[in-house]
Amino acid sequence: MSQVVRTPRVFSGIQPSGGLTLGNYLGAMKRFVDMQDEGIETIYCMVDLHAITVWQDPDKLRHATRELCAGYIASGLDPEKSILFNQSQVAEHTQMAWIFNCVARMGWMQRMTQFKDKAGKNAQNASLGLFGYPALMAADILVYHTTRVPVGEDQKQHLELTRDIAAKFNHDYGVDFFPITEPVIEGAATRVMSLRDGSKKMSKSDPSDMSRINLTDDADTIAKKIRKAKTDPEPLPSEVEGLAERPEARNLINIYAALNEQSVEQVMADVGGRAFSEFKPMLAELAVAKMSPISGEMARLMQDTAEIDRILTSGAARARTIAAPILKQTYEIVGMVGA
Ligand code: AMP
Ligand code: TRP
């Protein structure tokens, strides 16, 4: 049995399939920055191959990939410290995904709730890629021997599948080769909800733009969306238990806590007893202060797409130096003849 020394390594990805939301920022990007600044090796990907599991207009895909890179940098990722690249440029991801297609079982894939949600009623008409998507995601992670993956709550099931694939591979080939990756789903905003409906996830695909804050929204738009966010008639409670049946109130408190880097308990101690008419302006001011510099910086970075492309190319080259030897060893374990 080959024993592997596990260097701590972080990998995560976001799909360039439209705009970025406050949910992406608080559930994922802000955490990416925290981990970069902990001094661990960090690799952050724009998962363009995942995006095309649902048809994408090529020009929009190009734009969204660059804009996502700008969003990463504007949120605080430093292309010198973190490896930033787009997935399609490191072919080892898809090569590893094929191996994992042969490890993952049909029954495991059929349980994936994201597939069921995205395929909707007409699953027969969904792409094969959409069904196989979680095996590619496992490849993204394991081709770097990643030990930690920061994501929002909605990705938990995919990370469990990644662990199952790693364990089955190790078991089937009698090796201790792939690490059992740790999901990092932490903080007050692992599931940011729609501003119009506290039972629905904030999503870039929601038809109502008022349901979300986009990373490209300016200060006035952010403040307006918060002012108009759905609430209930009661004042805010001072204890967390008081939020149990109040999804909209809970969502706004969670957003406040995450933006202000406080615990939910701390926020509730400060704002308990206040009416929404008092709390919403506080939240709007905080959201504008934290978010509008990001949209400004994204717009500035998007004026020089050649520089973004250079960052992506150099990131892909760095990523490949880690992925290529791991893929090569995988091929050897599996029994592929080659130099
Ligand atoms: P996606 O935009 O679906 O590629 O998601 C990219 C990352 O953002 C993943 O880690 C998701 O879990 C996270 N994410 C997306 N929407 C939300 C949300 N509403 N709340 C928290 N995290 C989210
Ligand atoms: N599936 C993730 C999402 O929809 C994106 C993703 C692809 C990802 N590969 C990944 C996230 C690897 C973390 C690690 O949000």
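User: Which element gives the most residues to the shell around ligand 2?

Analyst: Elements are helices (H or I, at least four residues) and strands (E, at least two), taken as DSSP runs and numbered from the N terminus. Here α7 gives the most to that shell, with 4 residues. This is a predicted model, in which local features need pLDDT of at least 70, side-chain atom pairs count only at pLDDT 80 or more, and totals for chains, interfaces and linings use all residues. Residues are numbered from 1 along each chain as its sequence is written, ligands are numbered from 1 in the order in which they are written, and side-chain values use heavy atoms, without hydrogens and water.

User: Which residues come nearest to ligand 2?

Analyst: A residue is near a molecule if one of its heavy atoms lies within 4 Å of it. Of the 14 residues around ligand 2, Q15, Y133, M137, D140 and Q155 come nearest.

User: Which side chain has an N or O atom 2.7 Å from a nitrogen atom of ligand 2?

Analyst: A polar contact is a pair of N or O atoms within 3.5 Å; within protein, one must be able to donate a hydrogen and the other to accept it, and residues adjacent in sequence count only if both atoms are side-chain atoms. The side chain of D140 provides the atom at 2.7 Å. For Q155, a polar side-chain atom lies 3.0 Å from a nitrogen atom of the ligand, and the side chain of Q15 has an N or O atom 3.1 Å from a ligand oxygen.
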